[in-house]
Amino acid sequence: MRLVLLAAAILTAQADDTFFEKNIRPVLAEKCWSCHSTGAKLVHAGLKLDNKASRESVITLNKPEDSRLYKALLYTGATKMPPTGKLPPETLENFRKWIADG
């Protein structure tokens, strides 16, 4: 039974990594990292979205509606990101799912 649970956990982790790599990382790289990454000339608000620990400072796991990152992407709070315009609904849903899935 433990082996089955371990295998299920490994498969879930792999699926989560695949979802992130396919749907989240490309958006972060294209829309966010020029201002919010280790390689940025000036890191805005001290937030490095290419760093997991820093990224988690603006994400409330399993609760997209409480996550500062998600609120900024929705343009519902004081901070609206990316500044070039709101992301497409499908992309916003991907971020919602990613945060909701922990």
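I sorted the lining of the largest pocket by class and got 13 nonpolar, 7 polar and 4 charged residues. Here Ala, Val, Leu, Ile, Met, Phe, Trp, Tyr, Cys and Pro count as nonpolar, Asp, Glu, Lys and Arg as charged, and the others, Gly among them, as polar. A pocket is an open set of points on a 1 Å grid over the protein atoms alone where a 1.4 Å probe fits, with protein on both sides within 12 Å along at least five of seven lines; lining residues have an atom within 4 Å of a point.

I noted that this is a predicted model, in which local features need pLDDT of at least 70 and side-chain atom pairs pLDDT 80 or more, while totals for chains, interfaces and linings use all residues. Residues are numbered from 1 along each chain, and side-chain values use heavy atoms, without hydrogens and water.

Which residues lie nearest the centre of the largest pocket? I found His36, Leu47, Ala72, Thr79 and Met81, out of 24 lining residues.

Next I checked the cysteines. The structure has 0 disulfides (pairs of cysteine sulfur atoms within 2.5 Å). The cysteine sulfur nearest to that of Cys32 belongs to Cys35, 8.9 Å away. Cys32, at 10% relative accessibility, is buried, whereas Cys35, at 28%, is partly exposed. Buried means under 20% relative accessible area, exposed over 50%, partly exposed in between (1.4 Å probe, protein chains only).

Last, I looked up the contacts (heavy atoms within 4.5 Å) of Ile24. Leaving out residues up to four places away in sequence, Ile24 touches Phe19, Asn94, Phe95 and Trp98.
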